[in-house]
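These are my notes from a first look through the structure.

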Amino acid sequence: MGDIPRSVELKFARAGEHITALDKAIKTFLGTKPYGTRREVERDGHEHVFYWTSYEDCPDSFGLIAGDAIHNLRSSLDHMVVALAIEGAKSSGKRLNWDDLKKLQFPVVTKKPDFDEQVRRDRLRDVAPSAVAFIESVQPFIKDPKAPDRSPLAMLSFLDNSDKHSVLTTSSMGPVAEKILWDPDASKARLEHPEHPRTEVGGEIGRFVFSSPQREEDVKVEFDWHFVLMQGPMWSLIDIREIIRSYDREVRGIAWKLSREFMPPFGAMPML
Amino acid sequence: MGLLPFPLCASHSNNARGPKTGNSVPLVAPIGHLVLDDLDECLHGAARKINRAADLATEVKQMCLVAAKDNKEIDLEYQQLNGKKEHVWRLREPMMCDPQVPTVLGDAVHNYRTALDHLAWSLVKLAHFNPSVKTFFPVKEVEPREGRDNITIDERIRPTDSINAYVQSVQPFVTYPDYGYFAPIAQLHRLDLADKHRVLLVSVVALDYATFVSDPGIEVRSLSYGGSLSAGSIVMRGYTTEPADLSEGKARLTVRLKDAHYRVDGEGNEIADAPPYRLEVVDFLSSVHPEVSEIVQGANALFVARHAHTGQGELAHFEKYSDGTWQGIK
């Protein structure tokens, strides 16, 4: 039974720092009360419309910090593969050179042929066959065959690539208010968003449309702002911090299993 | 009455252009923010990455400053051996580097590198193509042989296009002829690869220089520097033909990257017997920032010029003026 390699551990720790920093940055920003709303009851109570009374763009730092957290988690997997390859090479009396190391990578693919192609390209060269089998078993096309693109590993990889090559994570975060304090089914409420939302004071946020008139005091809304990614396949209403934490758990689980099963012990090394 | 998830609003918060003001620290400063105002909208992703990298680099530099004892000279302990003919100078205390340096440095490196990829992304869009995950900014240390490795950010962009000309013009083999391997963006590229896929960028406190004072008539032979930097380790050693009293020594420290991947030649082949090349962290960060910033700002001229020539075809070429600005010429 082995321990998590030091470099993997440090990447996890760094990702953890970014997650904490993101949490702090979001709390600090929300502490300035950047969002204010007012409600107007229209059509004799059939529609309750919310408008911005204050609105501020979220700081760029949110996306940038999130991008760094994601990158550290993604590269921790690559570091894990390198550690496994070094062990594998050592056991067969080989020393890996720079060219070997450059090719190594933890593949994240959504189709079996793509995985085979990654293996053919020496991404897992010198990694023990049993470890390769484990790495294949956590691939999105095995773990989430119905929606491999939506699996945590695939999304982590997608976000890392997006952060590297486009501005997805640096310009696409938006606030969401998530709580209402009544039963939308009982009141047969539906929420309509304006076709062209204006994120500025006076802009309409959305309107609740009821089948029967409702008094304001009966349909209370609690504003609990958090930030979500708003573009691409990552569109979701889940707090970005929660998304990253879920990736963190997933990646740590994989690294822990690989270390435990396929790495030699390094001595006392605390788990993060 | 239950508490139900019911998203009230889901709207874009950031406008595409980002902040309207930027820190006006000039780019020649060791680490300064890229001024966003002057950049085309598409380049703001790259500019944000540079500014994020600059913040991280400042953090790293601060840690290096602490490790290097604020760049002040430190006292070395002097010891005479072999009847005062051998002289050694030792460190009085252990020299440690913040264990966070490698990871924060890795993030700084990655942000600078991705600024270039963001630039590539924007340039592909400027050429009216859709960028893909394969879009990246090439970094070539040596000039590709004719007919091979066409330097482009996207195969669909015509070789004669000014975008390709620009990308080629900022390649290490062009900007640092014969020394492309040591160009800041070449080092950046290798460090990012190493940090991402291989090993952490291990940083160590190293000796910048060590000195002592002696009478003019005393000749000190075979003076050598070296050694690890643990407490009591010898960092300088010299010999005199006659017994001599030399002075206590002084030394200055620096933080360097200890990474064997620098033992490769310009073609990327490993040199088996080469001594490890240790990159000085602060110098590297100070050199890479203006380099990456200038590449992004230089590309701005392509955007400005193309927008000015909308519908009039591609630009023929571009020029860099003596004041450092770029201008696209039709």
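I began with rings, so the term comes before the finding: rings of Phe, Tyr and Trp (its six-membered ring) pair if their centres lie within 6.5 Å, and planes under 30 degrees apart count as stacked, over 60 as edge-to-face and the rest as tilted.

Conventions. I am reading a predicted model, in which local features need pLDDT of at least 70, side-chain atom pairs count only at pLDDT 80 or more, and totals for chains, interfaces and linings use all residues. Residues are numbered from 1 along each chain as its sequence is written, chains are lettered from A and ligands numbered from 1 in the order in which they are written, and side-chain values use heavy atoms, with hydrogens and water left out.

Entry 1, aromatic rings. I looked up which residues the ring pairs join into a cluster. The cluster consists of F29(A), Y35(A), W52(A), Y55(A), F62(A), W225(A) and F227(A). Over all chains the structure holds 17 aromatic pairs. One of them is F29(A) with F227(A), a tilted pair at 6.0 Å centre to centre and 55° between the planes. This pair links distant parts of the chain, with F29(A) in helix α1 (residues 6-31) and F227(A) in strand β6 (residues 221-229) of chain A, 198 residues apart. Helices (H or I, at least four residues) and strands (E, at least two) are DSSP runs, numbered from the N terminus. I then checked burial, where buried means under 20% relative accessible area, exposed over 50%, and partly exposed in between (1.4 Å probe, protein chains only). F29(A) has 8% relative accessibility, so F29(A) counts as buried. F227(A) is buried too, at 0%.

Chain A has nine helices and six strands. Of its 272 residues, 54% are buried. I took a contact as heavy atoms within 4.5 Å. Among the contacts in chain A with a separation of 6 or more, 71% are between residues 24 or more positions apart. The chain exposes about 12,000 Å², and carbon and sulfur atoms supply 52% of that area. Accessible areas come from the Shrake-Rupley method with a 1.4 Å probe; for residues, only the protein chains shown count as cover.

The pLDDT is the predictor's confidence in each residue, from 0 to 100. Chain A averages 86, and 90% of the residues score at least 70. Over residues 267-272 of chain A the pLDDT is below 50, and this stretch has 13 contacts in the model beyond near neighbours in sequence. Where pLDDT is low, the predicted coordinates should not be read in detail.

Is D78(A) buried or exposed? At 2% relative accessibility, D78(A) counts as buried. I found D78(A) in helix α2 (residues 60-91). Its side chain makes a polar contact with the side chain of R74(A) at 3.2 Å. A polar contact is a pair of N or O atoms within 3.5 Å; within protein, one must be able to donate a hydrogen and the other to accept it, and residues adjacent in sequence count only if both atoms are side-chain atoms. Next I looked up Q118(A), which lies in helix α4 (residues 112-120) and is buried at 13% relative accessibility. Leaving out residues up to four places away in sequence, Q118(A) touches Q105(A), P107(A), V109(A) and R123(A).

Chain B has six helices and ten strands. Of its 330 residues, 49% count as buried. Among its contacts between residues at least 6 apart in sequence, 68% join residues at least 24 apart.

Most residues other than glycine have a negative phi, and most peptide bonds are trans. I noted N71(B), where phi is near 60°, a positive value. N71(B) lies in the loop between α1 (44-67) and β2 (74-81) and is partly exposed at 39%. K84(B) also has a positive phi, near 65°. K84(B) sits in the loop between β2 and β3 (86-91) and is partly exposed at 35%.

S287(B) lies in helix α6 (residues 281-308) of chain B. Its relative accessible area is 27%, so S287(B) is partly exposed. The side chain of S287(B) reaches the backbone oxygen of F284(B) at 2.9 Å.
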